[in-house]
Amino acid sequence: MTTATKLPEKGEYKWGFHDSQEGYAFKSRKGLDSEIVAQISALKGEPDWMREFRLKSLAIFQSKPIPRWGGDLSHIDFDDIYYYVKASEKTGKSWDEVPADIKRTFDRLGIPEAERKFLAGVGAQYESEVVYHSIREDLKKQGVIFVSTDNALKEYPDLFKEYWATVIPPDDNKLAALNSAVWSGGSFIYVPPGVKVEIPLQAYFRINTENMGQFERTLIVVDEGAYVHYVEGCTAPTYSTDSLHSAVVEIIVKRGARCRYTTIQNWSSNVYNLVTKRAQAYGEATMEWVDGNLGSKLTMKYPSVYLMEPGAHGEILSVAFAGKGQHQDAGGKVVHAAPHTTSQIISKSISKGGGRTSYRGLIKVLPDAEDVKSHVRCDALLMDEDSRSDTYPTMEIDNERVSIGHEATVSKVGDDQLFYLMSRGISEEAATKMVVNGFIEPIVKELPMEYAVELNRLIELQLEGSVG
Amino acid sequence: MTPSSGNGTAPLLQIEALHVSVEGKEILKGVNLIVRQGEVHAVMGPNGSGKSTLANTIMGHPKYQVTGGDIRYLGQSIVGLKADQRARQGVFLAFQYPTAIPGVTMVNFLRHALNAVRGQEVPVKDFRNLLRDKMTLLKVDRSFSARYVNEGFSGGEKKRAEMLQMAVLEPKLAVLDETDSGLDIDALKTVAEGINTLLNPAQGILLITHYQRILNYVKPHFVHVLAQGNILKSGGAELALELEAKGYDWILKEAAALPQGVSQ
């Protein structure tokens, strides 16, 4: 799904280039305080309630300690980050309206081409703001809303306010509070009752500035009996200093509806990726997270599903690849808040060249939730002796009438597997790829063709060398 | 008894004074063996005699270190080659314990292997036809190709899958490491039939086995007894029957009576 002007060197991060920042519309000073937060709100021309929401969230952020579990966050200097960078004045509805430099970047990333070929709508965020947003006319006519979250606040204020921060309130965790204070961009999706969006909607996120913080906020409401598949991808230039990406994604899946949210995260290895993603699934509804983490320095992300009413089903498929200097702390959480609910978590992680993966998961069954079924499977594959994998599964089961299964395996790409494949003429490199591709097959087969190809390709690039 | 082997041409496989160690322990202690095209050699011996070591060393498993002697394939030493290079030259090993490769289908695996061995992309249609023919030949169920390599295979299915790979890749030298072990009599017959069907005058087979019974179905030209890291006795097909009747002890005693260093 991407085209590039040149093929990458072995193991080179393909999207590490950056554009000039000349002609940027606005760049806040570094650091974070109430003045910056108020400035962001004023620049966006927001209503008072949103400014107050932001300032209240800032206070929460400042009052909460930095998490000490998961990955090492001690090196993040929150005062050394640009919290708001606006490259362009407006959101284009066609690519011609996007500034040439930025359009060129998205061309290199293959986004307009993908849109023409197999997407129903595309959002493209560059730095803090969405620079392009478009949805197919027929979907628009059926009442499907797919706009930037900033525009949703302006164009659909009532709908927006009804759901905003209802799934993840600012005091949920320190980074959710940070996002709530300085959020900018992201997608807002509303699918009316019974409407099925058969072709995926996609958003693409790009950081360009060094020491940049990107804080998009996505809110998806899938009304009764509706269906949507939303896909996000992301890349950033390779810099020697760190950037921060801290998104919040809230999803409400109403009765009988289904939502699938697919992420292929490929940040450069200087990005801290600390994301809170949560969905509420109501009666007979299905929520599926397909979460692929390949890039970043440290990712902490545990997409969760709250099963609110009987018959709800939650599924999390997580695949993580950690190369040299990377730590992928990923997994998923399911809260069974109602009886007769079911869930499944499948996690596949690969560590190579000293990389580290952790599976962190939670299955929680509330006291009244009878007849609950849940199955967790996490498999880790180690490519060499230097790499590391850990599993942190948590079960909080407060009802006896449940069926919970948990399986975990750690395997090494064994000499025996490689020898077996090589004894059939397959080179060591091809044999390694084959073993890895086989390992993630259960997840890849769930993806639409284009994304399956992309995920395989990204993993093959990672396997060809340590990522820079 | 020996079929013509093209006078003057190099033997398919020539093993000379081969010493092999595994994790510092010497397992093979000067093995000599020649296999010519069109010949079937059976290597028999008690458990722990080094039979699997010989098989894995010919294929080039990195765990098995050649500390002395040589392995020549069509006149060229292959000791320095990796397993995939050997396979591309026509060497094949049917494994005693084939490894499972989860998530990789047989058909995908076989196509990659065939492309690698042939050194060129085989058109998908040609490959499909070839696979279908070989599956029919070996009476392998069609559903096989969609299954993951060796995953959840029964003992018999694993061995049949090895035969299928051999049929598709058409190696010049096939080493079969206890392909008969763990098979019931019907499966054994099928495997033996497979070997007989695949054997052609340009090919050589080294059949490593613990039991004589497969030799009721596959007739070897030569039988060798490998014990204590060496080939202690060689003979014709009748030697296998003698072993069946008398066991291995008499050969070990015979060998002990010989002066040190003499092994034939």
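A word on terms before the counts: helices here are DSSP runs of H or I with at least four residues, strands are E runs of at least two, and both are numbered from the N terminus. On that basis, chain B has eight helices and twelve strands. Keep in mind that this is a predicted model.

Chain A next. Its secondary structure comes to eleven helices and 24 strands.

Now overall dimensions. For the 264 residues of chain B, a compact globule would have a radius of gyration near 18 Å, and chain B has 18 Å, so the two agree. The C-alpha trace of chain B spans about 60 × 40 × 40 Å along its principal axes.

Burial. In chain B, 44% of the 264 residues count as buried. In chain A, 54% of the 468 residues do.

Contacts. Take pairs in chain B with a separation of 6 or more: 73% of those contacts are between residues 24 or more positions apart. In chain A, 82% of the contacts between residues at least 6 apart in sequence join residues at least 24 apart.

Look at the faces. In a regular strand, side chains alternate between the two faces of the sheet. In β11(B), one side carries B:F222, B:H224 and B:L226, and the other carries B:V223, B:V225 and B:A227. Every one of these is buried, and both faces are covered.

Which strands does β11(B) pair with? One is β3(B), residues 40-44, which runs parallel to β11(B) and is joined to it by four bridges. Within that pairing, B:V43 is bridged to B:H224. Another is β12(B), residues 230-235, antiparallel over five bridges. There, B:L226 has B:I231 as its bridge partner.

Last, the turn. β11(B) and β12(B) form a hairpin with two residues between them. In that turn, B:Q228 has a positive phi of about 55°.

That's it from me.

How values were computed: Residues numbered from 1 in each chain as written. Chains lettered and ligands numbered in written order. Predicted model: local features only at pLDDT ≥ 70, side-chain atom pairs only at ≥ 80, totals over all residues. Rg over C-alpha atoms; globule rule 2.2 N^0.38 Å. Buried ≥ 20, exposed ≤ 12 C-beta atoms within 10 Å, placed from the backbone. Contact = placed C-beta atoms within 7 Å. Pairing = 2+ DSSP bridges.
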